[in-house]
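Subject: Structure handover

Hello,

Here is the structure for your work. Please open it first, then read the notes below.

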Amino acid sequence: MTEKIIVDACDDTCNGTAVDIAQIREKLIHETAATDLADLFKALGDPTRVRIIHTLLQTELCVHDLCEVLEMGQSAISHQLRSLRNMRIVKRRKVGKTVFYSLDDEHVEQIFVQTLQHLKHD
C-alpha cells in the first residue's frame, strides 16, 4: 500500500509587494552590529549569567557576596563575570583588594527588565 504525501502549496506565485527594497536595505542593520547584538542575547542564553545580572540589578556586589547569594563556587562565578565583562554587560570597581561588580550601564538594566516584562506578558 503506497501512502500519498500531500504537500500544501500556494496556488499563486508571490511577486512581492510595492515596498521599496533598496530603501529597506539602506536602513538594514550592519553585519557587525547584528553580530554584537546577537552576542548580547547569547549572554542571556546562560542561566547562571542571567542570575548574576538579576542579582546585580539589585546592588553592586563582590565575588564573595555573589557566590553566597547564588550558592555557587568562586571559579564558576568568576568565569561568568569575565564573560559578562568582555561583553560589556558588567563592570568592576576595585577598592583595596576587593573588586565590586555592577551592571555596565542603565541600557543593560533596561534590556534585562524589558525582557523579563515580555516573558511575564500574557
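Predicted model: local features only at pLDDT ≥ 70, side-chain atom pairs only at ≥ 80, totals over all residues.

Residues are numbered from 1 along each chain as its sequence is written, and side-chain values use heavy atoms, with hydrogens and water left out.

Cavity

Both void types come from a 1 Å grid over the protein atoms alone. A cavity is a set of points where a 1.4 Å probe fits but cannot get out. Lining residues have an atom within 4 Å of a point. Grid points are joined across faces, edges and corners, and a volume is the space filled by probe spheres set on the points.

The count is one cavity of 30 Å³ or more. The largest cavity has a volume of about 60 Å³. Its lining consists of L40, L44, I53, I89, V108, I111 and F112. Helix α6 (residues 106-120) gives the most to that lining, with three residues. Helices here are DSSP runs of H or I, at least four residues, and strands are runs of E, at least two, numbered from the N terminus. By class, the cavity lining has seven nonpolar, no polar and no charged residues. Nonpolar means Ala, Val, Leu, Ile, Met, Phe, Trp, Tyr, Cys and Pro; charged means Asp, Glu, Lys and Arg; the others, Gly among them, are polar.

Pocket

A pocket is an open set with protein on both sides within 12 Å along at least five of seven lines. The largest pocket holds about 320 Å³ of space. D36, D39, L40, M87, R88, I89, D104, D105, H107, V108 and I111 line it. The elements that give two or more residues to this lining are α2 and α6. The classes are five nonpolar, one polar and five charged.

Salt bridges

The whole structure has two salt bridges (a side-chain nitrogen of Lys or Arg within 4 Å of a carboxyl oxygen of Asp or Glu). D39 meets K42 at 3.5 Å, N to O. Both lie in helix α2, three residues apart, about one turn of the helix. D39 is partly exposed, at 30% relative accessible area, and K42 is exposed, at 55%. The cut-offs are under 20% for buried, over 50% for exposed and partly exposed in between (1.4 Å probe, protein chains only).

E60 pairs with R93, the closest N and O atoms being 2.5 Å apart. This pair links distant parts of the chain: E60 sits in the loop between α3 (47-58) and β1 (61-62), R93 in strand β2, 33 residues apart.

Surface patch

L28, I29, L37, F41 and I111 form a nonpolar surface patch, with about 450 Å² of accessible area together. Patch residues have over 30% relative accessible area and no salt bridge; like charges are joined within 9 Å, nonpolar side chains (Val, Leu, Ile, Met, Phe, Trp, Tyr) within 5 Å. Areas come from the Shrake-Rupley method with a 1.4 Å probe; for residues, only the protein chains shown count as cover.

Backbone angles

E71 is not a glycine, yet has a positive phi of about 55 degrees. R88 is also a residue other than glycine, with a positive phi near 60 degrees.

Regards
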